[in-house]
Every structure is written in structure tokens, then in C-alpha cells.
Amino acid sequence: MGESVLATAFARRGGALFCEDVPADAIARSAGTPTFVYSAAVIRDSYRRLSCALTGVKHRVHYAMKANGNRAILSLLRSLGSGVDVVSGGELFRAQRAGFKGHDIIFGGVGKTGQELREALKVGVKLINVESEAELQLLEAVARELGVVAPVGFRINPDVTVENPHAYIATGSKGHKFGIPHDEALALAKSARSLEHIDLIGLDMHVGSQLATLEPYRAGLDRLSDLAASLTVAGAHLRYIDIGGGLPVAYDNGDPEPDLEAFATVVAPAIKKMNAELIVEPGRFFSAASGVLLARVLYRKRSGGKDYVIADAGMTELLRPSHYDAYHLIESAKPNGRDRTVVDVVGPVCESGDFLAQDREMDDVEPGDLLVIHTTGAYGYVMSSNYNARPKAAEVMVDGARFAIVTARESYDDLVRLEQADPEWRDA
Ligand code: LLP
């Protein structure tokens, strides 16, 4: 069922790629390139499938907006019932603009500033996931100053090993910067009892992203269960168990889809045993497959025995290939029928690391053709940069036969908006 929405959201009709019921080419002609395009149907479908799988356990989904904080996506997920997981004051601001209220928001992150904690407390967020003793002390001070009690979750580092495609997206092993070591959490919870403005009501983990198996969830939950039992004996009343994000998506044709039923089977009994509400924070799972990046082929060239396709999008729009060696399927929006070729698809940025694919067998393309770079709805636009003074791409949402530009392409003026032509010098 789910696969069918995914399969039809970006499918060919008469050889040309459509985004739902809109030709990709029509979007590119209207919005220009490079442009990210998101399918509302895919987001609705992924939200529905995960919610369905978790119906047997009291839960709330808090979309990890770091994956894609586009306002249209946030509003859509909010309308479906999702809350949000934010990791900075900026995300908190964006979430509120998209209509999320305090109880819809979880605030996490390894380096929250005093100002960000103040903002979160003022908004009345549902949970602040604390990552260290020093942060807990700061939060106590800020909450005291505001005269409120902070709803706290402990982000635990459960020290589990994960199998995923890149070391940079594993987070829950000993030695990672994230979380409170699981064997130090009980002592910290006991000492926190003297903090009048701290209410420990949750435990949290996030073991990694694009998790290849369910094992890390199982192992991490075992750790959290043990800890929850000790904390309860020590007098804590835990209401929330937050297991983070990490559900994988299929990047290549033939990659397996996550087994949501199996996920629920691992998670639900552990949560019920702890008598708490489950919080899940998927990011990629909702937005990755909803998005494609449309880019134009500028040139073909042959150099050093290699064939290059030079596109008008590169590492500034999509950092994942160069930063994580990530694979993204690339197709021509309208293949010309010639034999497939093996090429490097590169961008215009002055860096050798600026590529979208290397030694890739793909459709033969020529200048002017439209490229479709798949599964780029998560960690695409949000990780883009202005390097080489490149204005950021536009973002488009498609819903059935309609589409809208939901983020305008940046202009050259946007690039210099904050620059002071005539700086005001101050004496030291
Ligand atoms: N919760 C926490 C605390 C997180 O740190 C993350 C992701 C998530 C939830 C959402 O994880 P997801 O469901 O999307 O896997 N830029 C990398 C991914 C970094 C993930 C960071 N944390 C990439 O492009 O693969």
C-alpha cells in the first residue's frame, strides 16, 4: 500500500517523469533549477503508515525538523497530528511559525545555550532532553529565574553499536559526544532531586540515523528499561520514553523499506513495561522519499579518461554524496533512448569534492536535459550553503495536480543582505 504511493508519486508517464500529477519539466520551467520538489502524498502516506503501526501503544510522533524544516512540510505534518523535535532556538522559532504549540515541541541538542533554554521554557515545551550535568545545572538556574519547573528528559547514551552507512550518523555508542553515559544517569537523577526547578519525567535516546536493523532499538530500550526501573525505585515518575529517530529509507532501487510492524513489535512491549508514553522522532522517514532535486545539465565533458556531466546543482544544494559518500539515484526527467553511460555527475562549485555521483551508470544526458536526483527531501535543502556565493535553491510542494513554490529561490541581494557596506567601528 505504502510502496504504491511512493511508486506513483514520482513515476513516468509517456517517458516523462511526473511529481504526482505534475510533469517535473513543468515545475523546472516555472520555478527554475536547481529546485527541491516535495510530494505531499508521500508525507501523508508515511505518517499514516507509522501511526498505524504504532496504534497499539500510547505514542506521539515528533517529526525531527532538522531533516527538513520547510514550513509547508511542517504545516502538513502538524495537520496530520505530528508534534516536532527541535534542536535550536532557530528551529523552535520556525516550528512556532508553522503553528506548533509548546506541548507539541520537544527540545533536544548537545549544546543548548542559556538563551535557547529560556526560549524553550517560555514557550512551555513538552520536554527538554538534557545531555549533561552542566546543562542540567544551567537549566535549573534559568528555570528558577523564570519561576517555572522545567520538564526534563535525560538523553541517555546507551552505548549500543549500530550498523549504518556512515560513522557520522551513528550517535549512541560510548565515546560519542551525545547524551549522558547510561551508567551515570542514576547518580545524576538522584542528585537532581535537590534541584527544585527540574522535573525528571522522561528518558531519551537516539542511537543513529538510517539504521539498517532494529537491533539498536532493542539494545537501547533494554538499557532504558533497566534505568527506568532503578529511577522509579529512586522515586522518579517517568511519563515519556523518547526513542529518537533513525528509521531508514530506501535510497536505491531494491533497498528494503523499513518493517514498521517489526519496529512496533520491538518497541511497544518495552514501552508498555515502563508504563510510559512512547515518543518517536523520525526525520528522514517522513521527508527523504518525499523529495527530489531537479537540476539542469549545463555541459558534458571528457577529461582524464572520465566522462563528466556538469549540472547546475552540486554540494551546495546536496552535501550528502560528498560528506557521507551517500548514494542518490539520478535519472533524466525524459530519457532520450540512447544507451546508458558511466559518468561522474558534478556541480559547478570550485572543489574536487563537489559531486553528486561518481562512476555512475545512468541515462545518457546532454546539455539542457533535466536531472532528477531522488530521495533528497531529508538533509538536502537544510544542509545547503551559499559557498561560491550561490543563492539557495527554491522549494516546491506538489499536491495532486497542483504545485506551489513554498520557498523562493534566493536572490543575489539575499546573499549580501546582512553585510555592512559601511561598518560602524567600535572602540575596544
Ligand atoms: N532525534 C535526534 C536526537 C537526532 O539527532 C536525529 C538526527 C533525529 C531524531 C532524526 O533522525 P532520522 O530519523 O532523520 O534518522 N545529516 C545526516 C543525518 C544526521 C542525523 C542527525 N540526527 C544525513 O544526511 O544522513
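Asp 325 is found in the loop between helix H12 (320-324) and strand S16 (330-332). Helices (H or I, at least four residues) and strands (E, at least two) are DSSP runs, numbered from the N terminus. This is a predicted model, in which local features need pLDDT of at least 70 and side-chain atom pairs count only at pLDDT 80 or more, while totals for chains, interfaces and linings use all residues. Residues are numbered from 1 along each chain as its sequence is written, and side-chain values use heavy atoms, with hydrogens and water left out.

**Backbone exceptions**

Most residues other than glycine have a negative phi, and most peptide bonds are trans. Asp 325 has a positive phi of about 60 degrees, although it is not a glycine. Thr 375 is another residue other than glycine with a positive phi, near 55 degrees. Thr 375 sits in the loop between strand S19 (370-374) and strand S20 (394-399).

Are these residues buried or exposed? Buried means under 20% relative accessible area, exposed over 50%, and partly exposed in between (1.4 Å probe, protein chains only). Asp 325 counts as exposed because its relative accessibility is 63%. Thr 375 counts as buried because its value is 8%.

| Residue | Relative accessible area | Class |
|---|---|---|
| Asp 325 | 63% | exposed |
| Thr 375 | 8% | buried |
| Asp 344 | 4% | buried |

Asp 344 has neighbours from elsewhere in the sequence. Not counting residues up to four places away, Asp 344 touches Lys 306, Asp 307, Tyr 308, Val 309, Ala 357, Gln 358 and Asp 359. Contact here means heavy atoms within 4.5 Å.

The chain also has a cis peptide bond, between Thr 33 and Pro 34, with omega of about -5 degrees. Pro 34 lies in the loop between helix H2 (24-31) and strand S4 (35-39).

**Two domains**

The domain assignment gives domain 1 (2-38 + 288-415) and domain 2 (40-284). Such bounds come from an automatic or database domain assignment. The centres of the two domains, taken over C-alpha atoms, are 32 Å apart. Across the boundary, 28 residues of domain 1 are in contact with 26 residues of domain 2.

The area buried between domain 1 and domain 2 is about 2,300 Å², and carbon and sulfur atoms give 60% of it. In domain 1, Tyr 324, Tyr 379 and Met 397 lose the most area to domain 2, together 22% of what that side buries. Buried area is the accessible area (1.4 Å probe) that two parts lose on being put together, summed over both.

The count of salt bridges between the domains is 1. Arg 44 forms a salt bridge with Asp 399, with the closest N and O atoms 2.8 Å apart. The term requires a side-chain nitrogen of Lys or Arg within 4 Å of a carboxyl oxygen of Asp or Glu.

Which elements supply the side of domain 1 that touches domain 2? Helix H1 (2-9), H12, S20 and strand S21 (402-407) each supply at least two residues. H1 gives the most, with 5 residues.

**Helix H9**

Helix H9 (residues 215-233) has 19 residues. H9 reaches 27 Å from its first C-alpha to its last, close to the 27 Å expected at 1.5 Å a residue. The expected span is 1.5 Å times one less than the number of residues. Among the buried residues of H9 are Tyr 217, Leu 221, Leu 224 and Ala 228. The buried residues of H9 pack against several elements, including strand S9 (150-157) and helix H10 (260-274). Just after H9, Gly 235 takes a positive phi of about 100 degrees.
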